[in-house]
Amino acid sequence: MSKIMPMRGFLTSCPGASPLAVRSLGLTFATALVLVPAAPATAATVAAATTAAPATPVTTATVRDRAAVPGSTRSLPLVPLARERVSGAAPEQGLRRAGGARFSLLGVVWDDPDTELRGRVRVRTRSAVTGQWSGWQDVETHNAGHRADPGTAQGSSRRVRGATAPLWVGDSDGVEVRVRAAGPGGGARTGLPSGKRAGGPRASLPQGLRLELVDPGAAPAAGEGGAAGGRPPRNPRFDDPPRTALDTEAALAASAANADITAFGATAIPELDRPATEQELTRLRGPVRGKPYIGPRPRIVTRRGWGADESLRERGFVYTKKTKAAFVHHTATGNAYTCAQAPSVIRGIYRYHVKSMGWRDIGYNFLVDKCGTLYEGRAGGVAKAVLGAHTLGFNGDSMGIAVIGTYGATEPSSAAVTAVARLTAWKLGLYGVDPSGRTYLTSGGGNLYPKGKNVRLNVISGHRDGFATECPGKRLYARLGTVRSSAARYQGR
């Protein structure tokens with residue numbers, strides 16, 4: 001079962017972290033704890049870990065928005081628009097702001113996470129670089145399937161809110177948003193099968209609609225002074241991620257969670273060739289009977305590498321029994337980002353998931369940009385079975401991989417598809433799983449399968465296979481067959 005180890009003992013065994021260096025950080029490690037698996041956990045173990053010892057909730061008392069940590073979130077309530085006064089018109093809310101603080105990512109949230117927004121959300125933004133307004137863009141409203149499972153500590157937290165997908169809009173300082181309900185009878189509804197329709201025969205909108213404006217923060221370019229308020233650099237093609245300082249318990253724990261496979265404090269986990277990967281497999285899992293089917297370990301940018309503010313997330317890590325399957329997603333944040341901006345996009349999604357939606361951490365276990373760069377998502381260790389919040393009902397014994405972008409009509413890049421195949425070949429290989437095979441997962445409850453149903457799924461599945469959703473977009477979903485066959489080939493099958 002899982003156990004809690006004192007940070008002192010864990011850190012002094014980490015490569016690159018000497019006792020003197022650790023003590024020089026000036027922290028009291030007697031209270032620093034890291035949750036690590038001592039042996040394969042059971043479903044009961046995970047349930048106990050999430051109910052008997054819940055992580056400290058993120059509140060204004062525990063989250064420190066220090067000036068040294070870039071990034072910010074503004075939450076603005078939406079107001080009824082004039083058309084609501086017209087008899088029979090569908091409800092509509094919105095707002096317009098210009099010349100305010102900068103932001104690069106936005107989304108709309110509401111009070112009840114079990115209520116779905118049935119209608120249309122449209123936004124336009126003003127560029128902070130050119131001063132020009134963009135055209136109107138749609139925000140993906142069908143986002144209910146990206147959540148923790150029902151009945152878990154995270155899923156039932158009072159902090160969790162309903163939300164649209166986040167949208168990356170680039171360096172902006174003005175916004176206009178309009179949220180319009182669907183026609184009569186098409187109002188708000190619950191995302192879970194047991195929920196009741198929130199609206200009556202008249203269209204309705206969820207209660208407590210708010211616009212979230214996220215500044216992901218970025219380090220200033222070389223030679224520049226500090227950017228006021230942590231604003232992004234003026235050149236929208238440039239992103240030098242702020243390096244997470246190893247000066248807090250949370251930052252130390254996040255970095256230490258990967259110390260079984262890389263140097264403590266690393267900004268990227270280096271790739272390995274096949275012989276080195278097989279040696280690492282033996283070290284991590286013990287001797288393997290027969291041929292070890294595992295793909296060479298790919299390079300993965302760590303949370304420190306993309307500039308995660310570890311003070312935002314909840315403390316501690318929660319692990320599931322093993323990694324039996326991978327669910328592929330798209331972030332639905334749009335494709336108007338450069339690969340150099342990908343760390344900023346991830347920091348924006350992270351802030352949106354935690355500060356705006358009320359989750360304990362970013363929901364995905366891994367993210368992939370259009371250039372094929374892999375990024376560590378939820379904290380806890382990339383080689384470990386970290387419990388994520390990505391596929392409602394099937395987060396246990398699985399991992400979530402999100403390709404950054406929107407792939408309903410846009411073809412994913414070959415680099416991104418290859419990166420997903422390489423990642424799954426390695427990570428599934430750590431647990432002896434064939435990426436071209438099928439497996440059984442027990443549903444935690446959702447809109448496709450009732451709670452407790454044993455469902456046979458492809459080891460590498462799309463989000464839509466576990467929840468009725470468009471995710472990961474039909475274009476990316478159509479490439480999953482290639483991902484499966486390529487991952488099996490990387491494993492040597």
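Analyst: A salt bridge is a side-chain nitrogen of Lys or Arg within 4 Å of a carboxyl oxygen of Asp or Glu. This is a predicted model: local features need pLDDT of at least 70, side-chain atom pairs count only at pLDDT 80 or more, and totals for chains, interfaces and linings use all residues. Residues are numbered from 1 along each chain as its sequence is written, and side-chain values use heavy atoms, with hydrogens and water left out.

User: How many salt bridges does this rule give?
Analyst: Side chains of opposite charge can pair when their charged atoms come close. Applied here, the rule brings the count of salt bridges to 20.

User: Which residue forms a salt bridge with Glu280?
Analyst: Look for the closest N and O atoms, which are 2.5 Å apart. They join Glu280 to Arg297.

User: How many residues apart in sequence are Glu280 and Arg297?
Analyst: Glu280 lies in helix α5 (residues 274-285), while Arg297 is in the loop between α5 and β15 (300-301). Helices (H or I, at least four residues) and strands (E, at least two) are DSSP runs, numbered from the N terminus. The pair therefore ties together parts separated in sequence by 17 residues.

User: Which residue meets Arg96 in a salt bridge?
Analyst: The N to O distance is 3.6 Å. The side chain that meets Arg96 is that of Glu176.

User: Which strand holds Arg96?
Analyst: Glu176 lies in strand β11 (residues 167-181). The pair ties together parts 80 residues apart in sequence, because Arg96 lies in strand β5 (residues 92-97).

User: How many aromatic pairs does a search of the whole structure find?
Analyst: Rings of Phe, Tyr and Trp (its six-membered ring) pair if their centres lie within 6.5 Å; planes under 30 degrees apart count as stacked, over 60 as edge-to-face and the rest as tilted. By that rule, the number of aromatic pairs is three.

User: What kind of pair do Trp306 and Tyr350 make?
Analyst: The ring centres of Trp306 and Tyr350 are 5.6 Å apart. Their planes meet at 80 degrees, so the pair is edge-to-face.

User: How many residues apart are Trp306 and Tyr350?
Analyst: Trp306 is in helix α6 (residues 303-306) and Tyr350 in helix α7 (residues 342-356). The pair links distant parts of the chain, with a separation in residues of 44.

User: Which residue has its charged end over the ring of Tyr350?
Analyst: A charge sits over a ring if NZ of Lys or CZ of Arg is within 6 Å of the ring centre and within 35 degrees of the ring normal. Tyr350 is buried, as is Trp306. The charged end over the Tyr350 ring, 5.0 Å from its centre, belongs to Arg303.

User: Which residue lies over the face of Tyr337?
Analyst: The distance from the ring centre is 4.2 Å. The residue over Tyr337 is Lys370.

User: Which residue is linked with Phe394 and Tyr449 into a cluster?
Analyst: Phe394 has 2% relative accessibility, so Phe394 counts as buried. Tyr449, at 22%, counts as partly exposed. Ring pairs link both into a cluster with Phe327.

Key
Buried means under 20% relative accessible area, exposed over 50%, partly exposed in between (1.4 Å probe, protein chains only).
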